[in-house]
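Subject: Structure handover

Hello,

Here is the structure I said I would pass on. Please open it beside this message while you read.

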Amino acid sequence: MRFRVIFILLLSLATCKKENAVTEPEFLKSTALFPIGAAIDYGRLKNSSLYKKTVTDEYTSITPENAMKWFTIHPSKDKFDFTEADYIVDFSLSEHNRIHGHTLLWYFFQDIEWVKNFVGDSAQWEQMIKNHIQTEVSHFKGKISSWDVVNEAFRDDDGSLRVEDRNPSIFDDGSIFARKVGRDYIARAFQYAHEADPDALLFYNEYGQEWSTEKIQSILAMVTDFKKRSVPIHGLGIQLHTDINASTSGIENALRELATTGLKIHISELDISVNPKSNSPFDYTDNIKQLQYNKYKFIVSAYRRIIPADQQYGITTWNVGDADSWIRGYLKRTDYPLLFDDSYQRKKTYQGFLDGLKN
Ligand code: XIL
């Protein structure tokens, strides 16, 4: 009898505790077993407290969206400007967030006339890019965990190395570095970055692995070659600027192939477009929202399923709210590709990401 009373007492205590328990609010960062990142825009971080708060609450990794690119940091031959990048780095360190540097060399130049007009032989070109890489990497030494050393070096049409310009499209251009320094510029860039900060993890970052097996083959061949020559490389970024119609098997295949390298794998620039054909007007219907939810959930759970835990470097979305997305700002498309709406309210996609982390 006495035991029964004690048992009932304990049982009611437990129930009471359960009823009164305050459920911890769920955030991406508290649910994931690997870092969750966002690309961060300097102006928004500086001027919007809501943006800042969302970043603080939800993320554990930061990639500066543009602040570490050549056109921001090295605007003329003898001038480096670290204002924007330092601001993002100081903020991120104060939040104990990891910082992933993006990017030291990129074929896509926008308006950096001084680089396009630089005159020199291949040794002078090499010295110029070495100076760029080492000045930037040294400036952040000890603060930045990892770098996208080279971004988008392979072509869309046949996956070969970007060298000469072939098509008049910004996305299918050649690379001035390959032309001036030589085809081995990627390996040199990794070596120079490693010299400047031997503790930083060095990544090669690319898009389109989910639709171009040729690009994947080129990346795998590059990694094999680097390993053979002891060129330091520690990770691969798969950008995944994708859309609701993209083939899921293409995404799985890319993750599987990249994982075979044994390197860290970073989904580095995730966004899921709902209006890839740029329809106007465009209606963001419940049906489309459901497809987008499914795709976010699929990608996050595929990453967890396919990439071994010790290779999971994390998943980074390309900015925070829909209004911040480069798809609207840069590609000028009506779109809703991210996890938060224009007022930083969580969208259905947020739940998709979260469900992908759990299931
Ligand atoms: C984009 C930025 O989001 C834009 O703000 C900028 O004007 C152009 O670049 N792949 C990359 C990123 O590696 O650096 C690009 O970012 C998007 C595509």
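Below are the notes on the ligand site, the salt bridges and the backbone.

This is a predicted model, in which local features need pLDDT of at least 70 and side-chain atom pairs count only at pLDDT 80 or more, while totals for chains, interfaces and linings use all residues. Residues are numbered from 1 along each chain as its sequence is written, and side-chain values use heavy atoms, with hydrogens and water left out.

Ligand site

There are 14 residues around the ligand, and Glu65, Lys69, His102, Asn151 and Glu269 come nearest (a residue is near a molecule if one of its heavy atoms lies within 4 Å of it). By type, the shell around the ligand has 4 nonpolar, 6 polar and 4 charged residues (Ala, Val, Leu, Ile, Met, Phe, Trp, Tyr, Cys and Pro count as nonpolar, Asp, Glu, Lys and Arg as charged, and the others, Gly among them, as polar).

- Asn151 places a polar side-chain atom 2.8 Å from an oxygen atom of the ligand.
- Glu152 has a polar side-chain atom 3.0 Å from a nitrogen atom of the ligand.
- Gln239 has a side-chain N or O atom 3.2 Å from a nitrogen atom of the ligand.

The ligand taken alone exposes 420 Å², and the protein buries 91% of that (accessible areas come from the Shrake-Rupley method with a 1.4 Å probe).

Salt bridges

The count comes to 21 salt bridges (a side-chain nitrogen of Lys or Arg within 4 Å of a carboxyl oxygen of Asp or Glu). One of these joins the side chains of Arg346 and Glu58, at 2.9 Å from N to O. The pair links distant parts of the chain, 288 residues apart: Arg346 is in the loop between α14 (326–329) and α15 (348–358), and Glu58 is in helix α4 (residues 49–58). Helices (H or I, at least four residues) and strands (E, at least two) are DSSP runs, numbered from the N terminus.

Backbone

The peptide bond from His102 to Thr103 is cis, with omega near -5°. Thr103 belongs to strand β3 (residues 98–106), and His102 is also among the residues that come nearest to the ligand. A cis peptide bond also joins Ser280 and Pro281, with omega about 0°; Pro281 is in the loop between β8 (264–273) and α13 (286–306). Glu152 is not a glycine, yet its phi is positive, at about 55°. Glu152 lies in the loop between β4 (146–151) and α9 (176–180).

Regards

Conventions: A polar contact is a pair of N or O atoms within 3.5 Å; within protein, one must be able to donate a hydrogen and the other to accept it, and residues adjacent in sequence count only if both atoms are side-chain atoms.
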